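Subject: Structure for your review

Dear colleague,

Please find below the structure that I am handing over to you.

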Amino acid sequence: MRTQSSATTARPIAVTAPRESRGLGTAQAALGVVAFSLTFPSTAWGLESFGPWSLVAVRGVLAAVVAGGCLLALRVPLPARRHLAGLAVVAAGVVLGFPMLTTLALQTSTTAHAAVVVGLLPLTTAVFSALRTGARPSRRFWLAAVAGAAAVLAFTVAQSGGALTAADGCLFGALLVCAAGYTEGGRLARVMPGWQVIGWALVLCLPLTVPAAALALAFEPVHLTVHGVTGLVWVAVGSTFLGLLVWYRGMAAIGIPRASQLQLAQPLLTLVWSALLLGEHFTTAAPLTAVAVLVCIAVTQRS
């Protein structure tokens with residue numbers, strides 16, 4: 001009788017735990033999206049005080065100092081050799097490639113135009129995930145993902161006046177390297193804590209970011225302002241470290257393709273922050289697009 005009672009009481013735990021894990025993972029991925037949505041406006045602020053190369057390099061150094069301090073304080077052992085290649089992909093994609101390319105693009109592009117990249121990122125990440133991890137989402141998932149990406153793309157292009165700029169090459173390059181970094185980071189977050197994934201990726205970049213920061217600061221003018229310093233601190237600590245920490249934990253819990261679709265809301269959030277922080281304006285199409293995006297996210301979550 002005791003055995004039967006134990007088995008009976010154990011069943012609800014086995015059923016509810018995965019649901020609780022998925023709920024927490026969705027919340028963590030959503031927090032990552034909110035952090036990322038502030039990246040472009042914060043970068044625009046940072047460019048008020050720093051040159052593009054200085055901003056990217058100092059951002060990487062500051063984020064690595066925070067991450068390295070956490071790793072040392074908690075006495076985290078060095079990552080296994082088999083994980084170094086994956087960490088290098090994360091470092092090249094989300095620590096170096098995406099910040100550098102988007103910062104260069106934002107010198108001549110508005111944040112609304114740059115949001116086109118973020119609108120396409122969920123679909124690109126899902127494709128990279130399918131190729132890298134063998135995931136095979138359903139047809140309904142892909143239809144909803146394409147519809148959501150198309151809605152966000154149409155909205156952000158309309159907000160930028162429909163004009164293509166010379167920065168588009170940087171933006172689409174950033175799209176590809178970031179999707180690769182997200183995919184590899186999500187895979188690694190299944191075997192090590194998400195904060196350690198981005199932490200070690202940042203530390204691995206120090207031999208590049210430290211001399212790059214020193215060189216860039218020597219040649220690019222620096223004019224410190226409240227906006228500039230605030231933007232630098234946020235992209236270093238908020239977007240690069242804390243944002244990726246919760247993002248990778250979320251991807252590990254709910255899967256890379258499903259988590260990537262939460263980013264469909266990121267361009268709209270970026271436009272809101274751009275209006276509040278940078279004074280940019282957008283049309284009344286925003287609420288309609290937001291509803292369409294939320295519907296697509298709901299469909300992908302159910303798929």
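A crossing of two helices is called left-handed if the near helix is turned anticlockwise from the far one by less than a right angle, and right-handed if it is turned clockwise. With that convention in mind, please note that the model is a predicted one, and that in it helix H7 passes helix H10 in a right-handed crossing.

The pair H7 and H10

Helix H7 covers residues 168-188 and helix H10 covers residues 226-254. The two pack at an angle of about 65°, and their axes are 8 Å apart. On the side of H7, the contact is formed by Gly181, Tyr182, Gly185 and Gly186; H10 contributes Leu244, Trp247, Tyr248, Met251 and Ala252.

The nonpolar cores

Which residues have the most contacts inside the largest nonpolar core? They are Val94, Tyr182, Ile198, Trp247 and Tyr248, in a core of 63 residues. Of these, Tyr182, Trp247 and Tyr248 also belong to the contact of H7 with H10. When residues up to four places away in sequence are not counted, Tyr248 touches Val90, Val94, Gly181, Tyr182, Gly185, Gly186, Ala189, Gly194, Val197 and Ile198. There is also a second, separate core of seven residues, including Phe50, Ala57, Val58 and Ala213.

Helix H8 and its surroundings

Helix H8 (residues 194-204) is largely enclosed by the rest of the structure, because nine of its eleven residues are buried. The buried residues are Gly194, Trp195, Gln196, Val197, Ile198, Gly199, Trp200, Ala201 and Leu202. They pack against helix H3 (52-73), helix H4 (84-105), H7, helix H9 (206-219) and H10.

Leaving aside neighbours within four places in sequence, Leu245 is in contact with Gly194, Trp195 and Ile198. Leu245 and Val197 are 48 residues apart in sequence, while their C-alpha atoms are 7.9 Å apart in space.

The salt bridge

The count of salt bridges in the model comes to one. Its partners are Arg187 and Glu184, whose closest N and O atoms are 2.6 Å apart. Both residues lie in helix H7, three residues apart, which is about one turn of the helix. An α-helix has 3.6 residues a turn, so residues three or four places apart point the same way. Are the two partners buried or exposed? Glu184 is buried, with a relative accessible area of 7%, whereas Arg187 is partly exposed at 26%.

Individual positions

Thr102 lies in helix H4 and is buried, with a relative accessible area of 2%. Apart from neighbours within four places in sequence, Thr102 is in contact with Phe40 and Ala174. Thr102 and Asp168 are 66 residues apart along the chain, and their C-alpha atoms are separated by 9.6 Å.

Ser138 is found in the loop between helix H5 (111-133) and helix H6 (139-159). With 30% relative accessibility, Ser138 counts as partly exposed. Between Ser138 and Thr300 there are 162 residues in sequence and 9.2 Å in space, taken from C-alpha to C-alpha.

Gly23 has its place in helix H1 (residues 2-37) and is partly exposed, with a relative accessible area of 41%. Gly23 and Ala44 are 21 residues apart in sequence, and the distance between their C-alpha atoms is 33 Å.

Finally, I would draw your attention to Arg75, in the loop between H3 and H4. Most residues other than glycine have a negative phi. The phi of Arg75, however, is near 55°, a positive value in a residue other than glycine. Arg75 counts as exposed, at 76% relative accessibility.

With kind regards

How values were computed
Residues are numbered from 1 along each chain as its sequence is written. This is a predicted model: local features need pLDDT of at least 70, side-chain atom pairs count only at pLDDT 80 or more; totals for chains, interfaces and linings use all residues. Side-chain values use heavy atoms; hydrogens and water are left out. Axes are lines fitted to C-alpha atoms, for helices over the stretch in contact, and angles run from 0 to 180 degrees between N-to-C directions. Helices (H or I, at least four residues) and strands (E, at least two) are DSSP runs, numbered from the N terminus. Contact means heavy atoms within 4.5 Å. A salt bridge is a side-chain nitrogen of Lys or Arg within 4 Å of a carboxyl oxygen of Asp or Glu. Buried means under 20% relative accessible area, exposed over 50%, partly exposed in between (1.4 Å probe, protein chains only). A nonpolar core is a set of buried Ala, Val, Leu, Ile, Met, Phe, Trp, Tyr and Cys residues joined through side-chain atoms within 4.5 Å.
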